[in-house]
Amino acid sequence: MTNQQIIQWLQIFAAKIEQNKEYLTELDAAIGDADHGINMDRGFKKVMSQLPSVANQDIGNILKTVSMTLISSVGGASGSLYGTLFLRASTAVAGKQELTEQDMLELLQAGLDGVLQRGKAQLGDKTMVDTLTPAVTAFRQAVDQGKPMLSAMEEAVVAAEVGMKDTIPMLAKKGRASYLGERSVGHQDPGATSCYLILKSLLEALSRNIGSGE
Ligand code: ADP
Ligand code: MG
C-alpha cells in the first residue's frame, strides 16, 4: 500500500463519515449524547484541509498529521481515542513510503493497542474495541497464512462487521453509554460503527487500485 493509497483511504473515510453523519449521531443519541457523527465529521473535514500539505510525505508523517488534527479538533472520547489510534499507527510505520502486509499488521495492531491503553476498555464492553479486535485478529491470521493485503483486508472487514453488530446486545461498560446501564442493551455502538467504516474505507482504497500495478 502506497502513501497515495493512504491518502485515498482518508478521503474515502471522510466521505463516508459525511454520508453517515446523521446515522452515527442517531446511534449516539440512543446511548450517548448525539454527537459522534458531528465529532467525526468535524475532525475529518479538518483532516481533509490538512492533507494537501503532507500528501507527498511518508506514511508515518501523514498518519501523525491525522492524529494531531483529530486531537486538536475533536472533543469527546472519540477525539482522544482516534487521535491515539493514529498516533500509534504512525509510529509503527514511521519513515515508510509503502506498506507490506506485515507493516499493515503492525499499523493495525499498534492502533488497537493505543485505543486499549488509552480507553482501558475490554472486549465486550460495547466500544470501538469490539470492532477493532476481531478485525486485527482476522488480518493477522490471513497474513500468517500468506494471503495478500487485499484478501487479508477483506477478511478483516468481514470480522469487523460481525464485531460491530455484536455490540447490539452488549451492556456498555465504558464511556457515556455505560451511564445507561441496562438501557444501553439493544443499540449498536456508534464508535464500533465508525471503526467499521474506517476499515471498510481502507479496503476500498486497496481495491480501487487493483490493476494499477501497486
Ligand atoms: P463522547 O462519548 O465523549 O460523546 P463520541 O460520541 O464521539 O464521544 O464517541 C463515543 C464512542 O467512543 C463510543 O461509541 C465508544 O465506541 C467509544 N468509547 C467511549 N469510551 C471508550 C473507551 N474507554 N474505550 C474505547 N472506546 C470508547
Ligand atoms: Mg457522544
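**Surface and fold**

A: Let's start with the surface. The protein chain exposes about 9,300 Å², and carbon and sulfur atoms supply 51% of it. Accessible areas here come from the Shrake-Rupley method with a 1.4 Å probe, and for residues only the protein chains shown count as cover.

Q: What kind of model is it, and how are things numbered?
A: This is a predicted model: local features need pLDDT of at least 70, side-chain atom pairs count only at pLDDT 80 or more, and totals for chains, interfaces and linings use all residues. Residues are numbered from 1 along each chain as its sequence is written, chains are lettered from A and ligands numbered from 1 in the order in which they are written, and side-chain values use heavy atoms, with hydrogens and water left out.

Q: How many helices and strands does the protein chain have?
A: The protein chain has 9 helices and 0 strands. Both are DSSP runs numbered from the N terminus: helices are H or I with at least four residues, strands are E with at least two. The radius of gyration is 16 Å, close to the 17 Å that the globule rule gives for 214 residues, so the protein chain is as compact as a globular protein of that length. That radius is taken over C-alpha atoms, and the rule is 2.2 Å times the number of residues to the power 0.38.

Q: What does the C-alpha trace span along its principal axes?
A: About 50 × 40 × 30 Å.

Q: And how much of the protein chain is buried?
A: Buried residues make up 52% of the 214 residues. Buried means under 20% relative accessible area, exposed means over 50%, and partly exposed is in between (1.4 Å probe, protein chains only).

Q: What share of the contacts comes from residues 24 or more positions apart?
A: They account for 70% of the contacts with a separation of 6 or more. A contact means heavy atoms within 4.5 Å.

Q: New topic: charges. How many are there?
A: The protein chain has 20 positive and 24 negative charges, and their mean positions are 6 Å apart. Lys and Arg count as positive, Asp and Glu as negative; His and the chain ends are not counted. Each charge is placed at NZ of Lys, CZ of Arg, CG of Asp or CD of Glu.

Q: How many salt bridges turn up?
A: The whole structure has 9 salt bridges. Each is a side-chain nitrogen of Lys or Arg within 4 Å of a carboxyl oxygen of Asp or Glu.

Q: Which residue pairs with Asp-33?
A: Arg-176 does, with the closest N and O atoms 2.8 Å apart. Asp-33 lies in the loop between α2 and α3, and Arg-176 in the loop between α8 (149-166) and α9 (190-208), so the pair ties together parts that are 143 residues apart in sequence. Asp-33 is partly exposed at 33% relative accessibility. Arg-176 is also partly exposed, at 48%.

Q: What about Asp-41 and Lys-21? How far is N from O?
A: Their salt bridge has an N to O distance of 3.5 Å. Asp-41 sits in helix α3 (residues 36-50) and Lys-21 in helix α2 (residues 21-31), 20 residues apart. Asp-41 is buried at 7% relative accessible area, while Lys-21 is partly exposed at 27%.

Q: How far apart in helix α9 are Lys-200 and Glu-204?
A: They are 4 residues apart, separated by about one helical turn. Salt bridges that share partners also join Glu-18, Lys-21, Asp-41 and Lys-45 into one network. As for Lys-200 and Glu-204, their side chains meet in a salt bridge of 3.7 Å, N to O.

Q: Switching to the backbone. What is the phi of Lys-120?
A: Positive, about 60°, although Lys-120 is not a glycine. Lys-120 lies in the loop between α6 (101-119) and α7 (129-144). Lys-126 lies in the loop between α6 and α7 too, with a positive phi of about 70°.

Q: Is Lys-126 buried or exposed?
A: Buried, with a relative accessible area of 1%. Lys-120 counts as exposed at 58%.

Q: Last one: what does Thr-193 touch?
A: Tyr-23, Leu-24, Leu-27, Met-164 and Gln-188, not counting residues up to four places away in sequence. Thr-193 lies in helix α9 and is buried at 3% relative accessible area. Tyr-23 lies in helix α2 and is partly exposed at 38%.
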